[in-house]
Structures are given as structure tokens and as C-alpha cells.
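Visitor: Hi, I'm new to this one. Could you show it to me and walk me through a few spots?

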Amino acid sequence: MQIKVTINGKMVTWDVEQDEFLMDTLRSHGLLSVKKACETSCCGLCTVWLEDKPVLSCSILSLRVHGKKITTIEGVPKDAEEFARVLTAEGAEQCGFCSPGFIMNVLAMKNELVNPSEEDIIHYLTGNLCRCTGYMGQLRAVKTYLGVLV
Amino acid sequence: MKKIDLKCVGHSMRKIDGMAIAIGKPVYTEDLVMSNALVVKILRSPHAFAKINSIDLSRAEGVEGVECILTYKDVPAERFTLAGQSYPEPSPYDRLILDKIVRYVGDEVAIIAAVDEKTALMAMRKIKVDYEILEPVLDFEQAVGHSSVVHPEENLSCNFDIGLYREKNIASSFKEEVGDVEEEFKRCYEVVEDVYYPQAQAHAMMETYRAYTYLDHTGRLVVVTSTQIPFHIRRQLARALQIPSSKIRVMKPRIGGGFGGKQTGAVEGFAAIVTLKTGKPAISIYDRKETFSCTTSRHAMRLKVKVGADQEGIIRAIDMQVLSDTGAYGEHAATVLSCVGHYTLPLYNKTSAVRITGNAVYTNKMPAGAFRGYGATQGTFALESTVNKLAERLNMDPTEVRLKNISKEGETFLTGQGVQLRSTSLNRCIQKGKELIGWKEKFPRCEIGQNKVRAVGMAITMQGSGIANIGTTSVEIRLNDDGNFTLLSGATDMGHGCDTILTQMAAEILEIPMDNIIFVAGDTDTSPYDPGSYASSTTYVAGTATVKAAEDLKKKILEQGAKLLGVSLDEVEPNGLAVRTVKGDQEISLVKLAELTILGAGKLQLTGYATHGSEISPPPYVAGFAEVEVDQETGKVELIDYVAVVDCGTVINPNLARMQAEGGIAQGIGMALYEEVKYNDLGKMATNSFMQYKIPCRKDVGKVHVAFEESFEPTGPFGAKSIGEVVANTPPPAIAHAVYNAVRVRVTRLPITPEKVFFGMQKQ
């Protein structure tokens with residue numbers, strides 16, 4: 001079946017299977033920042049934006065995004081790099097495998113929350129698992145990025 | 001090597017790959033796969049222990065798009081080990097790529113390769129297997145002498161004696177004793193003992209296991225794999241596939257976490273055999289379920305520990321009896337077992353007698369493997385919990401008991417064969433930790449109302465830095481034709497940042513910016529030999545090799561500079577990207593030097609080279625302190641604060657070291673409070689997704705504070721020791737101690753769940 005979607009600002013028409021998930025569609029079209037890690041909607045690594053809101057692309061059928069707007073980290077390079085510079089200055093990317101999904105959620109949080117407290121930040125990002133860093137470095141980076149008092 | 005005016009070392013340099021991986025550039029194994037690669041799927045055993053009578057492939061082979069299906073009849077009959085260990089491995093050769101006997105739920109039965117995943121899965125469902133079901137060995141405490149023998153095959157072999165008694169299900173046995181422990185206990189004023197059960201833990205790295213294989217332009221097998229051990233993988237594959245290792249190239253791209261999991265071979269052989277049989281590229285990716293249930297975990301253990309002390313609280317005797325569950329295969333059975341004592345007993349050296357005995361047993365469960373901490377984690381939980389119990393019996397502050405008993409610089413320990421401890425700041429780590437957690441005010445407990453109580457607990461730990469006399473690595477650095485440098489190493493960055501710190505060290509020695517060094521690693525065709533990133537090796541062992549290679553090259557550059565400037569060697573010095581005379585009247589840039597030497601008349605490629613292995617494995621230390629809040633109505637434990645003060649010698653990169661520490665502590669917190677690999681009565685893993693197996697999320701870790709108390713290790717690069725593993729060990733005993741101090745419930749079976757605490761309180 002065919003879907004028409006706006007991917008990172010560009011209108012495309014893609015052939016998808018009925019049972020295909022958005023994550024697989026995106027990867028198969030070269031958007032390789034989108035990572036698969038759990039298959040149970042638990043880890044947050046596949047986070048992309050659907051109509052500017054963060055979603056788990058492993059749990060959305062590609063057919064469902066027909067006519068919609070999808071953004072991956074490849075579509076927001078400037079903002080992503082700005083935060084990534086802060087994140088890597090802390091060393092808090094470590095293996096980096098969870099970083100793209102995490103960054104997409106951080107950027108979404110920045111758009112959504114006004115003056116978030118540390119508690120708000122932790123709550124918003126809870127769905128993004130990381131096995132390397134123990135989260136403290138990520139938190140320091142987010143607070144620095146948002147100008148929240150460390 | 002003095003630490004003065006360091007420009008790179010000791011600074012929080014960004015990881016050289018940091019930006020690319022953070023913003024999702026395609027640099028991991030799966031990102032590199034050609035679109036025509038066959039997809040490999042594996043049919044796995046539904047039974048814990050069974051013999052395959054027959055396999056019917058007729059329906060499966062008829063599925064359009066299926067390229068090949070392989071069973072035990074199609075693989076070489078030579079047994080091998082997947083252990084990531086230097087040759088000769090102290091591991092039983094107890095595996096085949098596919099075997100007629102399946103030894104755990106998830107063991108491999110058939111390999112299916114097809115044009116895409118759907119086709120492979122469809123074919124897989126059409127394979128019919130007739131099994132003869134055997135009685136499995138599921139309880140590791142019943143394994144020795146069980147009527148079932150997990151490895152009945154006669155052709156299982158070992159490179160040397162590791163105390164394997166196949167017919168008794170003992171993969172390895174171990175004994176070390178100095179002095180007469182029993183006699184010493186009789187002389188002790190206080191003797192305490194207990195039995196501990198640290199659980200199996202899953203690595204749960206974010207990138208699951210995967211390998212991509214193809215044949216290159218000369219017909220050699222190329223294996224791109226997410227591994228910590230490229231050279232060991234090459235050797236394993238050569239044996240498993242029965243092809244010359246010269247016909248294999250193993251490459252490691254970026255890795256999405258390892259934690260020891262990727263120190264055991266996993267998926268490589270399945271993709272490789274498909275490529276060899278079909279001549280086509282192949283990709284095998286384990287899903288999360290397979291990663292949980294068909295790879296390896298931390299060894300579950302039972303440890304009986306007895307500690308005796310005199311009236312002053314000086315520990316005189318320690319006895320540890322270990323039973324370790326290696327599961328269906330014995331890759332790391334012997335070494336993890338021996339490390340239990342190896343990385344705990346030297347903490348306390350006022351002893352007159354110590355003994356450690358143990359068996360690692362085969363069971364019909366997923367194999368255990370290497371996991372950050374590698375036996376030290378389990379041993380630390382047991383020994384430190386016992387020392388905390390001892391302190392209470394003696395009515396002494398547990399931190400004081402540590403300060404009285406720990407090994408000091410210049411001292412030796414009973415099982416250490418006379419090797420002197422050259423660097424430790426553990427006493428300072430303990431003092432600093434006490435301050436940071438507020439020990440004086442908080443120990444042992446305080447009621448905070450609403451049925452809640454807060455308490456603190458502590459533990460100390462050590463590890464090694466590389467494997468003495470075994471872990472040997474080589475590094476090559478060359479001056480390139482354009483005046484830049486290439487650093488060739490076999491060390492495998494799995495996210496922890498060794499590419500960066502080795503570059504920092506080389507830049508420091510060569511007195512050049514890091515940007516002028518191209519770091520190349522993780523390719524068996526081009527890298528000098530390195531065993532891989534495990535055993536806390538990269539900073540200490542590969543780091544020293546890097547320093548030596550850089551010094552070698554620096555000398556050659558200065559010699560060449562002097563020659564080209566027409567002066568003697570003692571008249572020149574490095575000046576950034578140039579060599580100049582000490583007087584400062586003449587200078588030649590490295591670009592010019594390279595041009596005249598490498599391109600032109602010089603006819604000399606300048607290369608620095610070093611091979612290094614250490615005769616000792618200096619211990620890093622951590623003093624860990626936990627503050628918990630326990631709900632006395634429900635038994636719920638909340639971690640309020642965790643303080644870890646680390647002695648890793650010189651800190652090469654403060655940010656990366658802190659991140660290693662914080663991450664290791666989070667894994668330790670997971671082990672203490674949440675994580676457990678569980679099986680049902682039939683031996684099927686019950687915790688095979690993140691829905692059932694809980695790793696800490698960011699709400700679960702409380703606040704983790706890491707501080708460093710540097711020591712200076714004279715045998716390490718710039719005074720450095722290791723940090724990767726030691727940081728994982730203190731949370732289980734420190735948190736258990738805090739829980740005990742809160743509600744007088746001593747949890748000896750990890751994890752410390754609300755149920756255990758609740759029922760413990762009910763019994764009081």
C-alpha cells in the first residue's frame with residue numbers, strides 16, 4: 001500500500017506493508033538514526049516526532065501516518081547538534097545508541113515545558129532508557145542546555 | 001612518568017566519536033549492511049534438555065525466498081568455546097555451532113537464511129523437530145551428582161586442567177588456601193558467617209547482538225560484528241568453521257554497549273556459516289528476547305562466607321565457599337570462579353589464613369558469561385556483607401573496621417605471591433565517602449515519621465587492571481606523509497571511550513593536538529593484536545602500550561629532525577607540530593619533516609611500536625555509601641543517595657571516568673534492588689523483555705555522587721589504573737547494609753525486593 005508523508009520537511013510517497021511499523025519504514029529509507037532496541041515499547045530509542053509530538057516509532061503502523069508529518073533527528077540537525085554538543089561535553093552519550101531517541105525527546109520537552117524543574121525533566125524523560133550512563137550525566141547536560149540551575 | 005603540565009591527559013576531552021554517535025550517524029553494525037544481505041534467523045529449542053531425533057525441513061525448504069537451512073548435520077564436528085579469552089583459553093571446548101543435543105530453552109536447533117525476515121520466519125515455523133526430552137538440571141545446588149549429565153559427549157576437551165568433572169556436571173573447580181583457616185578461627189574473638197545468593201543479571205546493553213558477514217574480493221570471510229573481542233572472534237570462528245584464520249577478517253564498528261556481554265561470542269558463527277555456504281552476505285540480529293534468553297548473563301552464585309577477627313576488630317581469617325552456575329556452557333566458568341576470591345581477599349591483609357574453594361556447575365539454563373565485575377561483584381556482596389555483620393557484632397563502626405584492616409601501600413597480602421601494593425588511596429576514599437554521605441549524622445538510622453526510616457550502609461571493593469602476564473597488547477603509531485599521525489590499536493571502544501583516552505595519551509607524549517591523530521582500531525586485518533576490551537584493560541594495558549609506542553616514535557622524529565637540521569639529538573626538542581633547536585634558531589615542521597623523510601630522499605616511514613603486558617594487575621578501589629528510605633509498612637526501599645569515592649590512580653579523562661562510575665553504580669543499583677534473570681519450572685526464562693526484566697530508569701537511581709581520590713600507580717600510564725568494572729561492585733552490599741540498618745532485615749538473596757524486606761520484618 002502507498003502512504004504519502006512529510007518526512008523531515010519533504011513530501012514522499014512510500015510503499016509499505018499493512019503490518020509494517022514506522023520504525024522499519026524509516027530505517028528502510030535510510031533514516032538510520034532510528035534505533036530498535038526492545039520490541040515492547042519500553043526503551044524510547046526509536047523516538048521520532050509525529051506532528052511535532054514525540055512518539056515511539058516501533059509501535060505505530062506506517063499506514064497510520066498517511067498524510068502526517070514525521071520528523072527524525074536527521075530533520076533537526078541544528079537543534080540536535082546544539083544539544084549533542086552539551087551532552088558530549090559531559091561525556092553523557094557513552095555508547096551513543098540511545099542518544100538520537102533521547103535527544104528527540106529532550107528537544108520535544110524543550111518545546112513543550114516552560115521552565116521545567118529537575119523533577120519535571122526526570123519525569124518527562126523517564127521512558128528513555130540508558131544502560132551506560134546511570135542518567136546523572138544526561139541530567140546535568142539537560143539542565144545546562146535548558147539553563148536550569150544545576 | 002611525572003604528572004606535570006599535562007595538556008590532554010587529565011582533561012575532560014570530548015569523545016572523538018561522540019558527536020557522530022549522539023546525533024545518529026550510521027556507524028553501527030546494522031547501519032552498514034548491504035541491502036542484498038540474507039536475513040538469518042535461528043530456530044531454538046523449546047526444551048531445557050533434549051536430544052534431537054529428527055528434523056523435517058521439507059516444508060520449510062519449499063518456501064520461496066529461502067536460501068539455506070542448516071542443522072547439526074551441516075556443521076563441523078570440532079568443539080570450541082565462545083569465551084573471549086586469550087589462547088589457550090581456560091574454557092572447555094563444549095560447543096558446536098549446532099548440536100544434536102540441546103541444553104537449554106533457546107539453544108540453537110537450525111539456522112534459516114532467506115531473502116528477508118518475514119520469509120525466514122515463515123520457513124522457521126515450517127520446520128518440524130522430533131525431540132527426545134531429557135530430565136533437565138535446573139537447580140544449580142542440585143547439579144553436582146545429578147542423574148542427568150549436561151555434557152554427555154566424550155569429545156569435550158580443555159586446553160589444560162581447570163578442575164572439570166564432566167560426569168559430575170562440574171565445569172571447573174578451584175581451591176586456594178594459605179595458612180590454616182580452621183585453626184585460626186578457633187583463635188578468633190568473633191567469628192561470623194552467612195550464605196549469600198547473588199543472582200543472575202542481564203547485561204541489557206541497548207544494542208542487541210548482531211553480526212554482518214560477506215566474502216571480500218579475495219574470497220575471505222569478513223565479519224562485521226558488535227563485539228568487544230575481534231581477535232578472539234577470529235580465532236573462535238576459525239576453529240568453529242574449520243577454516244584458516246588467515247581467511248577471516250573481523251571488524252568492529254561502533255558498539256551500542258557491551259558490559260562484558262560482548263566478551264563472549266554470540267551471533268557471529270551463524271551469519272558466517274550462511275555466508276560460507278551460500279557465498280552471499282548475511283545479517284543476523286538478535287531481537288531483545290534472544291538477547292535476554294539466548295546469550296549470557298552474570299553467574300548466579302551461592303557463597304558461604306566466614307570471617308574471624310580478634311578483639312580489636314582485626315580480621316584474622318576468611319573462608320569462602322563458592323558454587324557458581326555456569327549454565328549450559330562453560331565459557332567463563334573457571335575464570336569468574338577464581339576471580340571471586342582474587343578480587344576480594346586482597347582487600348584485607350592482616351589475615352593469617354584465607355581459603356577459597358568452589359565449583360562452577362553446568363545446568364540446563366542459559367550460559368553465564370563475562371559481566372562487568374566478573375566474580376568480584378558476587379564476592380564483594382558476600383564478603384562485604386559479612387564484614388558489616390562482623391562490625392555490628394564487635395560493636396564497631398563498619399568504616400573503622402575497614403580502615404583498620406585494609407591493605408596499605410608497600411604491603412603484600414596472603415594470596416598475592418609477595419607482590420607489593422604500589423598505589424592505594426582507599427583510606428582516603430572511605431574518609432571522603434563518610435563526609436559526602438553524612439555518615440556521622442546518619443549512621444545507622446533515623447526515623448522520619450509516617451512509618452518511614454532512613455539509614456546508611458557501606459562497602460568497599462577492588463578489581464584488577466588487566467590480566468597479569470596474559471593480557472598483552474600492541475600499538476603502532478606512524479607519522480604519515482602529510483605530517484599527521486595514525487594510531488593503530490586493537491582495543492575496542494564499546495562506548496566507554498578508549499579510542500579517546502588512547503588518543504589523549506598519544507597526543508600528550510607526542511606533544512601535538514589530538515586532532516592530528518587518526519585513531520584506527522578494531523579490525524583484525526589492520527590492528528596490531530589486542531585481546532579486546534575486558535578485564536578493565538584498556539587504560540592500563542593498551543594505555544601503557546600507547547605511551548611506549550608514542551615515546552618510540554617521538555625519539556625517531558627528534559632524531560630525524562636533528563639530522564635534517566644538521567644538529568645533534570640533544571640540541572633539538574619538540575615544538576608542537578615541529579621540531580626545533582633548543583636554542584630556538586632553527587625549526588622544521590612535521591609536514592616538511594615527513595615530506596623529506598617519507599616521500600622523498602629519506603626513504604623512511606617513521607613508526608613507533610610497542611608491545612606491552614603487565615606482570616601485575618594493580619587494583620583500583622571504590623568506597624561506596626548508600627542512603628535508603630524504607631517504608632516499614634510495605635518494605636519498599638527507596639534509594640535516596642549513593643556516594644562512590646573512586647581510586648583509579650590518575651584520572652585520564654575526568655568526564656569519561658565519572659560517566660563510567662555513575663553507569664557502573666546504576667547497574668549495581670539495578671542488581672541490588674530490581675534485576676533478576678528468572679526461569680519457570682520447565683527452565684524457560686520468564687524475564688525475556690524489558691516488561692519483565694527491570695533495569696533502572698532515571699527515577700530509580702536516586703542521586704549518585706561520584707568523587708575521585710587519586711593515587712599514583714607507578715606501573716600505569718601517567719599513574720593510571722582501571723575503572724570500568726570496579727564501579728559496579730559496591731551497591732549490592734552497601735544497599736543491603738543500609739536496609740539492614742533501617743529495619744534489621746538482612747537480605748542475602750538479591751535483589752532486595754519489597755517482599756523480602758516485608759516478610760523479613762514480619763518474622764521479627
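**A first look around**

Guide: Happy to. This is a predicted model, and chain B averages a pLDDT of 97, with 99% of the residues scoring at least 70.

Visitor: What does the model score for ipTM and pTM?

Guide: The ipTM is 0.98 and the pTM is 0.97.

Visitor: Let's pick a strand. Is strand β13 of chain B largely enclosed or open?

Guide: Strand β13(B), residues 300-309, is largely enclosed by the rest of the structure, because 8 of its 10 residues are buried.

Visitor: Which strand do 7 bridges join to β13(B)?

Guide: That is strand β8 of chain B, residues 190-196, and the two run antiparallel. In this pairing, V195(B) stands opposite K304(B).

Visitor: And how many bridges join β13(B) to β14(B)?

Guide: There are 10 bridges between β13(B) and β14(B), residues 315-327, and this pair also runs antiparallel. Here K304(B) stands opposite Q321(B).

Visitor: How many residues lie between the strands in that hairpin?

Guide: The hairpin of β13(B) and β14(B) has 5 residues between the strands, and G313(B) takes a positive phi near 90° there.

Visitor: Switching to helices: how far does α17 of chain B reach?

Guide: Helix α17(B) covers residues 731-743, and its 13 residues reach 18 Å from the first C-alpha to the last. That is close to the 18 Å expected at 1.5 Å a residue.

Visitor: Buried or exposed, that helix?

Guide: 13 of the 13 residues of α17(B) are buried, so the helix is largely enclosed by the rest of the structure.

Visitor: What comes just after it?

Guide: R744(B) does, with a positive phi of about 60°, although R744(B) is not a glycine. R744(B) is exposed, because 12 other C-beta atoms lie within 10 Å and the cut-off for exposed is 12 or fewer.

Visitor: Which loop is R744(B) in?

Guide: R744(B) is in the loop between α17 and α18 of chain B. P751(B) is found in the loop between those helices too, and a cis peptide bond joins L750(B) to P751(B), with omega about -5°.

Visitor: Where is P88(B), and what is the peptide bond from Y87(B) like?

Guide: The bond from Y87(B) to P88(B) is cis, with omega near -5°, and P88(B) sits in the loop between β3 and β4 of chain B.

Visitor: What about chain A: which phi does N8(A) have?

Guide: N8(A) has a positive phi of about 45° although it is not a glycine. N8(A) lies in the loop between β1 and β2 of chain A and is partly exposed, with 17 other C-beta atoms within 10 Å.

Conventions. Residues numbered from 1 in each chain as written. Chains lettered and ligands numbered in written order. Predicted model: local features only at pLDDT ≥ 70, side-chain atom pairs only at ≥ 80, totals over all residues. Buried ≥ 20, exposed ≤ 12 C-beta atoms within 10 Å, placed from the backbone. Helix = DSSP H or I, 4+ residues; strand = E, 2+ residues; numbered from the N terminus. Pairing = 2+ DSSP bridges. Expected span 1.5 Å × (residues − 1). pLDDT = per-residue confidence, 0-100.
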